[in-house]
Amino acid sequence: MGEPMGEAIGEPIDTIEKGEGPAKEPVPLHTPPKRRVWGPPAVLPAPEPEHIPAKTTATLLLVTVLVIATCGLVYELLASTLASYVLGDAVLQYSTVIGVYLSAMGIGAWLSGRVERDVARVFVEIEIAVALVGGISAPILFLAFAHLSWFRVVLYGIVLIIGTLVGMEIPLLLRILRERYAFKDLVARVLTVDYLGALVGSLAFPIFFVPRLGLVRTSLVIGGINALTAIASTWLLAEEVKERVSLRVRAGFVLALLIAGIIGADRITLLAEEGLFADEIVYAKQTTYQRIVVTRGRSTFQLFLNGNLQFSSADEYRYHEALVWPAIAARAEAGLPTKNALVLGGGDGLALRDLLKHPGLERVTLVDLDPGMTGLAKSFPLLRNLNEGSLHDPRVKVVNDDAYVWLADEKNAQTYDIVLADFPDPNHYALGKLYTTRMYALMKKKLGPGGIIAVQSTSPLFARKSYWCIARTMEKAGLEIAPYHVFVPSFGEWGFTLARAAGTYATPLTPSRLPELPFKLRYLDDPSLRQLFVLARDMASLDVEINRLDNQVLVHYYEAEWKRYL
Amino acid sequence: MPTRRDVLATFLGASFSAIACRRPQPSPSRTGDLLAPNHERGHLIRDGALLAKFAGPDLPTRSVKVAIVGGGPAGLSAAWRLVRAGLAGPDDVAIFELEDVAGGTSRGGESAVSRYPWGAHYVPVPSPEAKALIVLFQELGVVEGFENDGTPEIAEHVLCRAPEERLYHRGYWYEGLYLHVGATSADFAQFRAFKKELARWNQWRDAKGRHAFVIPLARASDDAEVLALDKISMSAWMRARGFDSPRLRWLVDYGCRDDYALSIDEASAWAGLFYFVSRMGGDDQSSELMTWPDGNARLVRYLAELAGPRLQTGVAVVDVAPREGGGARLGVVDRDGTARRVHAERVIVTAPRYVARKIVAPLRDAPLLSATADAEARAFDYGAWAVANLHLSGRAAASGVPFAWDNVLYESPSLGYVVATHQTGVDHGPTVWTWYYAITGDGKAAREKLLAATHHEWADVAVSDLTRAHRDLGQLLERVDVFRWGHAMTRPIVGQRAALASLRTTAPIGPVHFAHTDLSGVALFEEAHDHGVRAAEEVVAALGLSVPSIR
């Protein structure tokens, strides 16, 4: 969508250069006449120091135009695409980025007129600068988005710099080539090749670069091509360029930096992961405990922990309403208020958001292992908007500790009306312990009178044994259970288990209606609440072993079941 | 002065040392303490140098009903039994421990991160026969019920958390201790046949209905078929049955090194089979293990707390002599070197046998016939161990099974390491690894090798050994403490059972009773506990108290 605009507006800039070119022509004459080969027009067939035939040089310089045109367009597309990935609203991002980029090219064209001598050297220097700034643009922008609140300043600043530099390239090259062609041929050939380069760039970007290399590597590779062009130019323009060695060293340095980036980044940063996710990564961080990745699609974003999807902003409300409200409803039905809640895991603050909407809620304690996760939920704008700043609510107390260790610590003796377990799926022994009889016995101890537990229990359809293993393990720990499920499009059928201490009660565990609320939920109403507790035959109970600390059967069930899908 | 390469070659093999020496020793491994039993005080006892202190008649004297010599698992268990039997008064029981810390080889340490073991670190879930041990576990609140056959149901958080063990082989960690990967069908066939043989022994009963291999060994059979296993090495026993699969022999050899500091060629077939069969349940599966962050030090801490002021540490008992007219007289040297006497109606000597022989007058004074000397040497052969506690700032990366409690390296002569924080559920951040190395071969030579290597050298051996499996270990390392156990544990070499039986070491000598795991011929907390309880009950009976046995 941005490509045609890029081409269309590319034209006037060349026109400006053409227009200004003749007016500025006296410039070389102002400078003291040197042994410049391009001084008198007649010098064209002069002997070349590095033995490249003049005709070949001219052709190769046209190839240079093709390459820099391609690169210039790719930078423009990179910035637009990256901005729409991380900020959303593609129309706005493409329009503003292209607008800034093209106007910056105008500035560049104007600035090119201020270059009065050593045009060829300046051209090579500009090439080196484009290679550096353009090459690192995508990694810098991703880092800025992850760590700075003024991302847009960095975005438009970088677009402005690249646009300005790219804007200087063609005018300078035109001036370098003007002795080699008649004016009409010069304009015709250079512009033809320039537009052709735009076409190459616009096709290569979506077809080759993004799918094969991803944005970050594309940026580094294109920068590398610019650096190579700069090095090649020192030979092509050997007659015109002084300080060739110094330029080659500088270009070589930039090239080495970019290559190091391509190699090194593979190990340390998002590059390696780009291929793993369907959408672009907008945040990635390795904490002490896990790798947190946020990706952004067309209008939604997703959170991954260690590569496993935790939620998509498109449909997480279904999941979180199902986790939170049945427990509150079960208490309401027994005539009990829900004032004091414990959330285990759930560092994204989304279950909290729903809990805090409950009018009677007075206090919530959230125990999540990873300060990196709760920190992200507090301050990362995308997530903070989605959880409505729940972690900043004065009713919330955040504890960063392993929920198992925290529960086992006898100092934490308080009891709660509801306890919600929102842990990642048990795909690892460190997580498997959070689904054991021991864990559920500890959770049971945290229940006040009539207390209710709700546990996210993986998919009863895709991982039926795992689901029922969790349910049976809860029963074994002395809990009465009510299995339920919800359809979450990005997860599929998803399972939960409602529970309370086994005993005699006046009301059933399974709720039949939501509590009185001054607002409507997005997903649940009374009939759909009742529907949650209907498990169809393909999700019905299976014979399973109990998950204990000393056997961790659940991790094995889970691995075996999900292996069929992943 | 041996070079670094020599030291690594001695303990980890020449070819490995050549590789390991290309990497420098990480500097944090030079930080740490060197611990050992108190050799100075030990040697004073051995040389009899302190006996002279008791020449004069006017020494301060204290009277107690029962004196216990030694505050390891046997002594503390004896005290526990006496106190529970009603001997709870201030002058009923006194325990004298030579070391400044009680617990023997079941002792542990503690850092800001975790408690950690210095020796024994687990107890298999007791069989119904281990009645007294089950009573102790009931007191600790970890028995939640009983299965039909009387096996206790142990609380989940005390049972070793899965994954229990993993094995490192060529860059990858595999679950379990038997190396499945790359095994041929012949390997598996032998592994199955071996397990079948173990199951046969597990189901075996003698004419009196006793097991061949059971803990406590006091309940085990003395049938000739079992005793015949004492006459050959485990290696010979396996060869005779065609068990030549290298990975099976590795597994059995590892077991012998791990429990006895003996190679498969040195351990008797009895010992090799005991290692596997004694911990099998009625279903022929291995029993689960009970463990704590500091291993069996958890049990010792409980018993020591119960003993309270009855336990005196840093006190050397150098003489135990029966008195005419009943009771016994102890010569005791306090930490500050002052000598005093203790009169006791009964004494329980729970020192290791080589110490007991020096301090108990009738044993010390008895002329040692050469046949007896041979039997003593065969019955009480001690292994040397190095234990290193590696304090780490974080978790080491691993491919394959991400973590386990017990971590063993297939290619290494070490025993690998256990992770102190595993049982607590803390799976991230700083931790402590306890690395074990048992020196096989002749006991005296092993002790010399053990003591010749310094703290730095042992730390280097431990870190170099583990760096082959954890490349990032050097960056995580904060300090390495090393414990050199010269006489770590008794070793069931070929002929040990027969020698032990001929010596009748559990029989009291007048008012002096004996208890120690040495007397079972295998070094296990359970055996020490059983001996302690037995000796205590002997004493209770001799004192004329009517208390039913819990054994």
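Predicted model: local features only at pLDDT ≥ 70, side-chain atom pairs only at ≥ 80, totals over all residues.
Let me start with chain A, which has 20 helices and 11 strands, and in which 49% of the 566 residues count as buried. If we take the contacts in chain A between residues at least 6 apart in sequence, 74% of them join residues at least 24 apart. The domain assignment divides this chain into domain 1, made of 3-13 and 52-267, domain 2, covering 274-310, and domain 3, covering 313-563. Between the centres of domain 1 and domain 3 of chain A, taken over C-alpha atoms, there are 52 Å.

Now, how many residues of each chain take part where chain A meets chain B? On chain A there are 17 residues in contact with 16 residues of chain B. On the chain A side, helix 15 (403-408), helix 16 (429-432) and helix 17 (437-445) each supply at least two residues, and the largest share, 3 residues, comes from helix 15 of chain A. Sorted by class, that side of chain A has 7 nonpolar, 5 polar and 5 charged residues.

Let us move to chain B, where you can find an open sheet of 8 strands with mixed pairing, in the order 1-20-16-19-18-17-9-10. Strand 1 (34-35) and strand 10 (172-175) of chain B each have a single partner strand, so one side of each is left without a neighbour in the sheet. Within this sheet, strand 16 (residues 382-392) and strand 19 (residues 431-439) of chain B run antiparallel and are joined by 9 bridges, and Val387(B) stands opposite Tyr436(B) of strand 19. Lying across several strands of chain B, among them strand 1, strand 16 and strand 20 (477-490), is helix 16 (residues 455-467) of chain B, which runs at about 105 degrees to strand 20.

Finally, consider helix 18 (residues 496-503) of chain B, in which Gln496(B), Arg497(B), Ala499(B) and Leu500(B) are buried. Why do these buried residues line one face of the helix? Seen down the axis of helix 18 of chain B, they fall within an arc of 165 degrees, and therefore they line one face. The buried residues of helix 18 pack against helix 7 (224-227), helix 10 (269-277) and helix 14 (370-379) of chain B. Just after helix 18 of chain B comes Arg504(B), which takes a positive phi of about 50 degrees.

Methods: Residues numbered from 1 in each chain as written. Chains lettered and ligands numbered in written order. Pairing = 2+ DSSP bridges. Helix = DSSP H or I, 4+ residues; strand = E, 2+ residues; numbered from the N terminus. Contact = placed C-beta atoms within 7 Å. Axes fitted to C-alpha atoms, helices over the stretch in contact; angles between N-to-C directions. Domains from an automatic or database assignment. Nonpolar A, V, L, I, M, F, W, Y, C, P; charged D, E, K, R; others polar. Buried ≥ 20, exposed ≤ 12 C-beta atoms within 10 Å, placed from the backbone. Arc of directions from axis to C-beta.
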